[in-house]
Amino acid sequence: MATKRNFDPNEKCTQAIIFCRVSSKRQKDEGVSLEVQEKTIKQYCQNKDFNILATYSIDESSTRGARKEFHKMLDFAEECYGKVAIVVNYVDRLQRTYTDTPELERLRSTGKIEFHALNENLIMTKDSPAIQLTIWYMHVLMANFQVNHQTEKVKASQKENWGAGKWQGLAPIGYFNDKDEDRKATVEIDKDRAPIIKILFEEYATGYHSLQSIWYKARELGLKSKEKNHFENSPKFGKRTFISRNQIGAILKNPFYYGVMKIKGKLIPHVYEPIISKELFDKVQEVFKSKSRKVFSHEQEYKAIPFAFRGLIKCDTCGCTITPERHNKNDKKYIIYKCSHLKGHCNQCNVNENVLFEQLDKELFSKINIPTKILDILKNNVQKNMEESATANANIKSNLQSELQILTNKEDNLTDLYISGKIKEEIYNRQINAIADEKIRLEESISRYKEITKDIKDTVESLLDIIGNLSNIIRNASPNKQNKLLRLLITDCKLNGKELKYTVKAPFDRFIQCNNPTQWFNNPTQDIDLYTNIADEVKLVKEQILLAN
Ligand SMILES: [Zn+2]
């Protein structure tokens with residue numbers, strides 16, 4: 001799709017679109033609310049004499065289809081007459097993954113659209129020098145790391161719960177989700193349905209049932225779904241319906257009922273009351289086994305094993321996917337990649353994974369560096385952000401703490417009143433409970449604010465870590481992580497004989513060029529003295545990073 005030529009690429013930009021976004025409730029509370037963002041940007045547009053064409057404010061914690069809104073904004077920008085500036089408070093409001101890079105780049109490079117990020121003091125136009133572009137993408141990279149870091153944290157807490165034998169999510173039928181005395185999520189036995197589940201296991205264990213007949217049995221016993229029918233056109237809308245035949249199969253194979261939960265293929269004991277014994281469960285599985293010839297699909301089990309290059313490479317000859325396979329030869333384990341051409345009519349040879357890694361190591365991993373100049377700019381920005389958020393956190397925290405103190409005083413007063421007989425027990429209990437709830441909420445908030453600066457620090461550290469030490473990191477990572485890192489670095493991979501053809505993704509493509517640092521800048525004669533030593537400095541920084549590890 002070509003940008004419509006409804007503008008002169010060299011004209012001065014006189015109009016703007018305001019773009020604001022909050023992604024979580026926490027951001028809203030921390031003073032980066034949409035209103036605050038909008039106000040700052042408006043002020044900026046007025047100073048620049050920009051005519052404001054539209055304002056897009058997206059609250060991702062409550063708006064569905066936030067991405068759709070984002071693209072609507074880009075479409076609008078592209079279609080309006082003349083050059084347009086998209087103005088944001090932070091780079092990461094506009095972009096925090098590389099998914100949108102091609103589209104944003106197309107709009108920027110033709111001169112149709114400029115990006116203004118106020119906090120980072122970046123204005124990206126079609127004439128922006130390479131160093132500016134790189135700084136922009138470094139910010140995207142950091143935002144991306146932060147998103148991933150957050151995801152990791154959620155996963156870690158999930159793992160912690162699982163480790164403690166706690167189920168996350170909807171309880172299986174026969175149980176229901178509840179809250180315990182500490183208001184933490186728990187799972188309780190459903191006294192109506194659990195006995196029916198037990199009978200179904202016992203019946204099926206006899207071996208006299210088919211899935212069809214055990215399903216009839218379940219209906220006869222009145223086993224109905226926990227959820228009400230939500231299809232408005234259905235005659236049973238709003239009612240609980242009998243469970244389906246497929247569900248019966250799933251119930252009879254679910255080990256949760258005897259005391260373990262199946263998470264990502266692993267069995268972990270849970271802390272809730274079992275409905276059946278393990279013996280009964282095993283007996284039922286035996287019956288299943290004897291009834292079906294194919295116990296499990298070999299292919300599906302195989303697919304779950306992670307490989308570094310899985311899903312990344314296509315065959316250059318025939319275009320089919322290149323798939324990994326484990327091999328054992330003379331007690332040596334190795335991984336080969338081969339063309340998945342259906343009839344094998346392809347000339348592509350099999351390639352050992354090590355060969356691919358060696359090539360990438362030589363051409364890519366060992367060459368990725370950041371010039372000190374840019375590292376410094378980044379470090380300063382990060383430092384500044386960290387200090388700002390530390391101050392903001394300290395303020396919020398001290399406010400929360402004084403709120404907590406007020407509640408503690410209230411509690412004391414209330415107790416005094418109760419002891420001296422001035423209020424009734426009933427009122428005392430009700431109020432003291434309300435205060436206790438509120439205190440827990442506050443304490444939780446306070447503990448959250450301790451972590452934020454550390455979060456940011458971790459993110460930055462892992463970022464510097466990765467860039468300075470890529471070869472080592474990739475070599476020692478698990479196949480799963482290798483795969484993720486490779487996806488971050490390269491795209492469009494094709495295997496031709498033993499050689500891998502690939503494209504390095506932005507911003508990493510620019511780091512490779514730093515053997516010749518002048519290429520970083522559009523005008524190499526300018527400030528040449530300042531940059532001639534960059535290559536040496538880069539080496540030094542890299543050594544320092546390696547030492548620090
Ligand atoms: Zn092929």
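Me: Is the crossing of α7 and α10 left-handed or right-handed?
Reply: This is a predicted model, in which local features need pLDDT of at least 70, side-chain atom pairs count only at pLDDT 80 or more, and totals for chains, interfaces and linings use all residues. Residues are numbered from 1 along each chain as its sequence is written. A crossing is left-handed if the near helix is turned anticlockwise from the far one by less than a right angle, and right-handed if clockwise. For α7 and α10 the crossing is left-handed.

Me: Which residues of α10 does α7 meet?
Reply: Two residues are in contact if their C-beta atoms, placed from the backbone, lie within 7 Å. From α7, the residues Phe201, Glu202, Tyr204 and Ala205 take part. Their partners in α10 are Leu280, Lys283, Val284 and Val287.

Me: How many nonpolar residues has the contact of α7 with α10?
Reply: Ala, Val, Leu, Ile, Met, Phe, Trp, Tyr, Cys and Pro count as nonpolar, Asp, Glu, Lys and Arg as charged, and the others, Gly among them, as polar. The contact of α7 with α10 has 2 charged residues and no polar ones. The number of nonpolar residues is 6.

Me: Is serine 445 buried, exposed or partly exposed?
Reply: A residue is buried if 20 or more other C-beta atoms lie within 10 Å of its own, exposed if 12 or fewer, and partly exposed in between; C-beta atoms are placed from the backbone. Serine 445 has 17 other C-beta atoms within 10 Å, so serine 445 is partly exposed.

Me: What share of the 549 residues of the protein chain counts as buried?
Reply: The burial cut-off is 20 or more other C-beta atoms within 10 Å. Among the 549 residues of the protein chain, the share counted as buried is 20%.

Terms used: Helices (H or I, at least four residues) and strands (E, at least two) are DSSP runs, numbered from the N terminus.
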